[in-house]
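Please open the structure in your viewer and keep the selection tool at hand.

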Amino acid sequence: MPQRQPEILAPDPTGIARAAELLASGALVAIPTETVYGLAADARNGVAVAAIFEAKGRPSFNPLIVHVADLRQAEEFAVFSDTALALAQAFWPGPLTLVLPQRRGTGIAKLATAGLDTLAIRVPAHDVAQALLRRFGGPVAAPSANPSGRISPTSGDHVIAGLGPKVAAILDAGPTPVGLESTILAVEGERVRLLRQGGVSQEALEPLTGPLSIEATPGGIEAPGQLASHYAPKSRLEMDSDLADPAAIRVGFGPGAADLSLSPAGDLREAAARLFAVLHQADAMAEATGKHWIAVAPIPEVGLGRAINDRLRRASA
Ligand code: TXA
Ligand code: MG
C-alpha cells in the first residue's frame, strides 16, 4: 500500500471542519489536547476504534478514554454520582479522567471500553479540542498518539515521527500545555480510587475525595486497564480450535462453518471491532443451548491479531 503522509491541518475553522469530517468518515486524526496529542476516532465506530489499536501496535486492547465537549454531553454516556458530579464541576474542562458506570445503549463501541461496563471519560481544556468536539458532535475515543510502549507526544512533530502515515491527519496546534496525561479516578458511588497520577495533582483532588493512593494489586502494579476486571465469559473458552466439536459454541474467523464469526472475510480490523460483542453473544448462546464451552478459530498472530489473541488468552485463563 502506498504510504501517504498525513494531512497537516491548521487549528483554524477550516482545519477543524476537515478534522471533524475525517472523524465522521471513520478515519484516524491526531488531535491536540491540553495534556498530550490524542489518536482520535469516532467512539461509536468499532472499526475506526480497531484502527487505533492497529496504528499504535498495542499488543492488547486497553480500554480508551472517551472525550466529549462538556459535562452535559458526558452525562449522556455515563452515570454521575454526587461525588463524580462534584469532581467534574471542579475540574472540567481539564486533565482529569473519570471512570464511571456506562449508560446502556449509547452506541459506544464495545472495543473502546474493552467490553467493560464502565467508561473513562473526560472534557479536555484546549480551545482547538473543544472546537473540534463541538463541530464533530459525538464522543471521540483517543489514547495518546504514540506507538505502544513509546513516550506520549506533546507536539505534532512527535506524532509524525511516531505514527506518520498511520494517521489520516494531524490537527497541529503546537506544543500541548500540560504535557502529561490526565489523572484517572475511578468513582464508584461516593468511593474514589486513583488509577493514574497525571495533570491534576492528588493534593488538588483530596479536598473532594479524601485521601488517595495508587492501589497496588497482588502481584504488583498493573496498567489501569488491567486493574478493572475485564469482561471474561462465563463459559470455558478455547483458542486455536478447529471448530470440529458440535458440543461447543463455535466462533469462526474467515471461511468455514461456525455459529458466530469474528469476521467471515478474515479481516482483523473487523474481528477486533466485533470481538467483545461476539464473546458476549457466545456466552449467551452457550447458556441458552446448554453447550458449555466456546471454541474460537485460530487468529493469525500478526498486527491486530496479537491484541485479539492476548484478549482471548485472558478470556480463556
Ligand atoms: O491525557 C490523557 O488522558 C490522554 C489524552 C489524549 O486525553 N489520553 C491517554 O489515553 O492518556 P491512554 O489510552 O494512553 O490511557 C488511558 C488509560 C489506560 O491506561 C486505560 O487502561 C485506562 O485509561 N482506562 C480507560 N478506560 C478504563 C476503565 N473503564 N477502567 C479502568 N481504566 C480505564
Ligand atoms: Mg498512553
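The stops below cover a sheet, a loop, and aromatic rings.

This is a predicted model, in which local features need pLDDT of at least 70 and side-chain atom pairs count only at pLDDT 80 or more, while totals for chains, interfaces and linings use all residues. Residues are numbered from 1 along each chain as its sequence is written, chains are lettered from A and ligands numbered from 1 in the order in which they are written, and side-chain values use heavy atoms, with hydrogens and water left out.

**The sheet**

Helices (H or I, at least four residues) and strands (E, at least two) are DSSP runs, numbered from the N terminus. Two strands pair if DSSP finds at least two bridges between them. Select the four strands that form an open sheet with parallel pairing, in the order S11-S14-S12-S13. Strand S11 (236–238) and strand S13 (260–261) each have a single partner strand and stand at the edges, so one side of each has no neighbour in the sheet. Next, select S11 together with strand S14 (residues 293–296): three bridges join the two in the parallel sense. Opposite Glu-238 you will find Ala-295 in S14.

Move on to Asp-240, in the loop between S11 and strand S12 (248–252). Most residues other than glycine have a negative phi, and most peptide bonds are trans. Asp-240 has a positive phi, near 50°, and Leu-243 has a positive phi near 60°. Leu-243 also lies in the loop between S11 and S12.

Are these residues buried or exposed? Buried means under 20% relative accessible area, exposed over 50%, and partly exposed in between (1.4 Å probe, protein chains only). Asp-240 is exposed, at 53% relative accessibility, whereas Leu-243 is buried, at 12%.

**The aromatic pairs**

Rings of Phe, Tyr and Trp (its six-membered ring) pair if their centres lie within 6.5 Å; planes under 30 degrees apart count as stacked, over 60 as edge-to-face and the rest as tilted. The whole structure holds two aromatic pairs. Select Phe-53 and Phe-61: their ring centres are 4.9 Å apart and their planes stand at 80°, so the pair is edge-to-face. Phe-53 is buried at 1%, and Phe-61 is buried at 2%.

Then select Phe-80 and Trp-92, whose ring centres are 5.9 Å apart with planes at 80°, so this pair is edge-to-face. Phe-80 is in the loop between helix H3 (71–77) and H4, and Trp-92 is in the loop between H4 and S5, twelve residues apart.

**The last stop**

Finally, select the peptide bond from Trp-92 to Pro-93, which is cis, with omega near -10°.
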